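Here is a short report on an annotated site and on aromatic rings. Please look at the sequence and the model first.

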Amino acid sequence: MPEAPRLILASLSASRKAMLAGAAVPFEATPSQVDEAALKVGFSGPPAALASTLALAKAQAVSSQQPDALVIGGDQLLVCGGKIYDKPRDLPEAATHLRTLSGQTHELVTAVCLVQGGAPVWTHVESAHLSMRRFSEDFLQAYLAAEAGEILHCVGAYRLEGPGAQLFTRVEGDYFTVLGLPLLALLGALRERGVLAA
Ligand SMILES: Nc1nc2c(ncn2[C@H]2C[C@H](O)[C@@H](COP(=O)(O)OP(=O)(O)OP(=O)(O)O)O2)c(=O)[nH]1
């Protein structure tokens, strides 16, 4: 049995690192330095295609430096009312995002891919749909104060595994997909490539 390749996560995402570590996946993490904003400008395809494109770009950027490794790329977009939302830049923008999402159901489109030798060997996209309740302004201010250090790293300005759970009345889809990685599909792909035991 040939030795399994080194596994690298091309991401800064604390959530993605935590999910892989929690699943006992042996990996290293390297940021991709990809300019996501530049890739998003003028993109006209569906959100799933954009998320896949971004995930692939991140993985290929790291793979070009580490061609023998198996590189994981991920990306997540939030879509609501036909508009794609980026991670909030600051707390006022997080508040604006949450007020807009309140009382609506939004979609998290989460892409993951594997790249080796600069070429994609596996890609996967999953969505989850989250119904956010209408909350009071008092609740929102207390939530922002409590989560200020965390939510600017999250595309929806919430951590579902944390106080963000109080925002929702319903979540449809895979929990890990919400947190930023279709983990169960990725684990299957890693088993197929001998990185994890079957
Ligand atoms: N802990 C947590 N993180 C979440 C949740 N929902 C979304 N996220 C995070 C996962 C990702 O880190 C981030 C989505 O943004 P991106 O896909 O652009 O990844 P990010 O910029 O964080 O890292 P990367 O581009 O991969 O270096 O939002 C959640 O419910 N809990």
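Which residues form one aromatic cluster? F135, F139 and Y143 do.

## Basis

This is a predicted model: local features need pLDDT of at least 70, side-chain atom pairs count only at pLDDT 80 or more, and totals for chains, interfaces and linings use all residues. Residues are numbered from 1 along each chain as its sequence is written, and side-chain values use heavy atoms, leaving out hydrogens and water.

## Aromatic pairs

Rings of Phe, Tyr and Trp (its six-membered ring) pair if their centres lie within 6.5 Å; planes under 30 degrees apart count as stacked, over 60 as edge-to-face and the rest as tilted. The count is 4 aromatic pairs. F139 and Y143 are stacked, at 6.1 Å centre to centre and 15° between the planes. Both lie in helix α5 (residues 137-147), 4 residues apart. Helices are DSSP runs (H or I, at least four residues), as are strands (E, at least two), numbered from the N terminus.

F139 and Y143 are both buried. Buried means under 20% relative accessible area, exposed over 50%, partly exposed in between (1.4 Å probe, protein chains only).

## Charge over a ring

The charged end of R133 sits over the ring of F139, 4.5 Å from its centre. K83 lies over the face of Y85, 4.0 Å from the ring centre. The rule: NZ of Lys or CZ of Arg within 6 Å of the ring centre and within 35 degrees of the ring normal.

## Annotated site

An unreviewed UniProt entry annotates D75 as "active site". UniProt positions follow the numbering used here, feature names are shortened, and annotations may be inferred rather than shown by experiment. D75 lies in strand β3 (residues 70-80). D75 counts as buried because its relative accessible area is 2%.
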